Amino acid sequence: MPSRTDPGAKHVRGGLSRARILEAALSIVDREGLAALSMRRLGAELGVEAMSLYNHVPSKAAVLDGLQEVILEGLPLLGSPCGDWVEVLRSAARSFRGALAAHPNALPLFASRPAVTPAVLRHVDAALGVLRGAGFGPGACVSAFQTLVAFVVGNALSSFGPTAAGDVSPPRYGDLPPEEFPHLTAIVPSLGDRSALDDFEFGLDVLLVGLRARAASCGRALQAGEGL
């Protein structure tokens, strides 16, 4: 007999749990997009009344925060790099982008919501540890981390983020008058040879080269007694 606090429990094989709720929420988002996710819709997906969900998650906001956690759960935590810290960050950025690519409808969560759950914050803390170990001071460490995350999420959004049907007009750069757009028309033949992944790797390399140079600068400043 179902309890009064969980009137829909008889429909749920194995009972409710936070993990099961988040799994169902991600399934809805993957199929139908973030706009389709509500506590009522989530309850229907699980075969329970929406109120039953609040025994396991306090709010829809907590569900959205938890989705970040589920998407990242397959990524290994960064440890103290045994080799080049730049290559550790390069590998982590690629893995992060891959996790985002697997759930493109959930991408806006990473562009608009801070990390708040302990599982996600462990990834943040580990990445900060790599940057601190590379020689960045606290302030520069935060800036470097935020820049890396913004680059990966931004590239993912532009590469495979959700778009409304009919909202994207195909570019017609080849039809532009060269006398008005000389540089744009000059690169048109090269556009077909590039992919979103090419652009990601190019941008990541530029970013990491810059971070390596900045880390060296931070190290020199610390030796000189300056705070960064």
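Me: How many residues does the largest nonpolar core have?

Reply: Leu37, Leu42, Leu53, Val63, Trp85 and Phe136 have the most contacts inside this core (heavy atoms within 4.5 Å). A nonpolar core joins buried Ala, Val, Leu, Ile, Met, Phe, Trp, Tyr and Cys residues through side-chain atoms within 4.5 Å, where buried means under 20% relative accessible area, exposed over 50% and partly exposed in between (1.4 Å probe, protein chains only). The model is predicted: local features need pLDDT of at least 70 and side-chain atom pairs pLDDT 80 or more, while totals for chains, interfaces and linings use all residues. The largest core has 56 residues.

Me: Which residues does Trp85 touch, not counting residues up to four places away in sequence?

Reply: Side-chain values use heavy atoms, without hydrogens and water, and residues are numbered from 1 along each chain as its sequence is written. With those sequence neighbours left out, Trp85 touches Val130, Leu131, Ala134, Phe136, Leu211, Arg212 and Ala215.

Me: How far apart in space are Asp175 and Thr185, C-alpha to C-alpha?

Reply: Asp175 is found in the loop between helix 8 and helix 9 (182-191). Its relative accessible area is 59%, so Asp175 is exposed. Asp175 and Thr185 are 10 residues apart in sequence, and their C-alpha separation in space is 8.5 Å.

How values were computed
Helix = DSSP H or I, 4+ residues; strand = E, 2+ residues; numbered from the N terminus.
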